[in-house]
Amino acid sequence: MTQPVHVAVVGAGPGGYTAAFLAADLGMTVTLIDDAPDPGGVCLYRGCMPSKALLHVAKVLSEARAADSWGVTFGEPRIDVERLRTWKEDVVGKLTGGLGQLTRQRKIEYLQGRASLVDARTVSVVLADGTSQEVRFDHGILATGSRPARPAALAIEHDRILDSTGALDVRRVPSSLLVVGGGYIGLELGTVYAALGTEVTVVEMTPALLPGVDADLVRVLARRFGTVAKAVHLGTTVTRLVPDDGGVDVHLSGPKIEAERQRFDEVLVAVGRVPNSGIDGLDRTAAKVDAHGFVEVDAQRRTAEPSLFAIGDLAGEPMLAHKAFHEARVAVETIAGKNVAFEPLVVPAVVFTDPEIAWCGLTEAEAKAEGRQVSVGRFPWGASGRALTLDRTDGVTKLVVDPESESILGVGIAGSGAGELIAEGVVAIEMGATVSDLTQCIHPHPTLSETALEAAESFLGLSTHVYKPKRQ
Ligand code: NAD
């Protein structure tokens, strides 16, 4: 029998590779197992990174179109789908190749194959060449991620019905695209295809886009998205999809639907994701899976089986790569004997649409639903010099504040680059900052970061660039 490795990691996405790298850096022997030739997982191969590459192209296209009003005129863009795809694949290749190199430099054993659990301390891996290999371990970290959800009415295999993976492939630019689901993926990829010239229609089951996000933030996005999309149908569901060689017949049901049957060139289904907890052999261990399919874990990300940990999308909401990065550190440091726990005050969220929406901590709607007293400091980007120089005054920065202690409980930003700006909110909340603390921090001028400063000043009734007459 070979010696067990200290740590075997199943799944090499953001959670898995971070765990493997840290374990190796802390001196442990590590085996990392994944189907793909290099680490990266959904995020790098068919999620965050390719979508952000395409969203960058969408931004350039939209700025080139806007430039006319600044006195600069470009010709109509010509889109070479082949080269666009090659560029996006180059980005993915560089990132995943880089991770492969970092894996080798750290002397991590990388097994390309499919793992199943033999017992709580052994995995069997069917390798890419068809042979099998057993790996014994002291600790196992499960990081198998998630996959697109496909409810029965939408679960049709056809090359005109895409999930996020298919849409990110950009095989062609369809003349029309129905996006089912007005969440992260639907709106991000809807933005990409609209910029490429597709007529995009979105149907969202609930009464608003991005359910759960504060309405004043969503409104900023909805206003602009409404000008690039052909239609957005809220409170609407798709009851049937009937694809054929020339398109897809879609049956819609909703209060404001003019035609219950509409035809589209392609359909993108983006109605959520489900965890990949059907790991073969997991039932041979004491680990438990909850009613939503997530593997149950404690604050250290340990499952009910003491030798097994679960992190990332597999271990619960929110299904975001940066949550997985952090959980990976907690699990590995626990294995290394440190006294740590996964207990962030906030996990930021960013929707990379145009404009972006980002938030962290308590939303205003959540506070109201909990019956909590909160006050809001808000700064409209129309009063930001930097936003005006970018011709992007469509934005708002808001602070959700505890009125008694004046602590910042939540931050929400809608506007260009909101995803970069939200990090300040994360630091403020994690450090227990009050609005006055924020006003004491000199923000660089002229930048969009000043909108956070002025939201704090506006909470105190002292914003320089927004005049609020005092009540007599
Ligand atoms: P989502 O949960 O963000 O959105 C799905 C939307 O579909 C919801 O608004 C829901 O109400 C709607 N919906 C559900 N069933 C429907 C139906 N039958 N008809 C019409 N609408 C329906 O899910 P997603 O966009 O698929 O993304 C999945 C997850 O992936 C996200 O929750 C997020 O965790 C992650 N993700 C994150 C990012 C990012 O961080 N920028 C980007 C993409 C995905």
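Visitor: Hi! What kind of model is this, and how are residues numbered?
Guide: It is a predicted model, where local features need pLDDT of at least 70, side-chain atom pairs count only at pLDDT 80 or more, and totals for chains, interfaces and linings use all residues. Residues are numbered from 1 along each chain as its sequence is written, and side-chain values use heavy atoms, with hydrogens and water left out.

Visitor: How many cavities of 30 Å³ or more are there?
Guide: There are 3. On a 1 Å grid over the protein atoms alone, a cavity is a set of points where a 1.4 Å probe fits but cannot get out, while a pocket is an open set with protein on both sides within 12 Å along at least five of seven lines. Lining residues have an atom within 4 Å of a point. Grid points are joined across faces, edges and corners, and a volume is the space filled by probe spheres set on the points.

Visitor: What volume does the largest cavity have?
Guide: About 60 Å³. Its lining includes Thr397, Leu399, Ile408 and Glu424.

Visitor: Which element gives the largest share of that lining?
Guide: α11 does, with 4 residues. Helices (H or I, at least four residues) and strands (E, at least two) are DSSP runs, numbered from the N terminus.

Visitor: How does the lining of the largest cavity divide by class?
Guide: Into 8 nonpolar, 2 polar and 1 charged. Here Ala, Val, Leu, Ile, Met, Phe, Trp, Tyr, Cys and Pro count as nonpolar, Asp, Glu, Lys and Arg as charged, and the others, Gly among them, as polar.

Visitor: And how much space lies in the second largest cavity?
Guide: About 50 Å³. Val411 is one of its lining residues, and Val411 also lines the largest cavity.

Visitor: Changing topic: where are the cis peptide bonds you can show me?
Guide: One runs from glutamate 317 to proline 318, with omega near -10 degrees. Proline 318 lies in the loop between β16 (308–310) and α8 (321–335). Another joins histidine 445 and proline 446, with omega about -5 degrees. Proline 446 sits in the loop between α12 (435–440) and α13 (450–459).

Visitor: Why point those out?
Guide: Because most peptide bonds are trans, and most residues other than glycine have a negative phi.

Visitor: Which residues have a positive phi, then?
Guide: Among them are arginine 301, at about 75 degrees, and aspartate 391, at about 55 degrees. Neither is a glycine.

Visitor: Is arginine 301 buried or exposed?
Guide: Arginine 301 is buried, with a relative accessible area of 11%. Buried means under 20% relative accessible area, exposed over 50%, and partly exposed in between (1.4 Å probe, protein chains only).

Visitor: What about aspartate 391?
Guide: Aspartate 391 is partly exposed, at 40%. Its place is the loop between α10 (385–389) and β20 (396–401).
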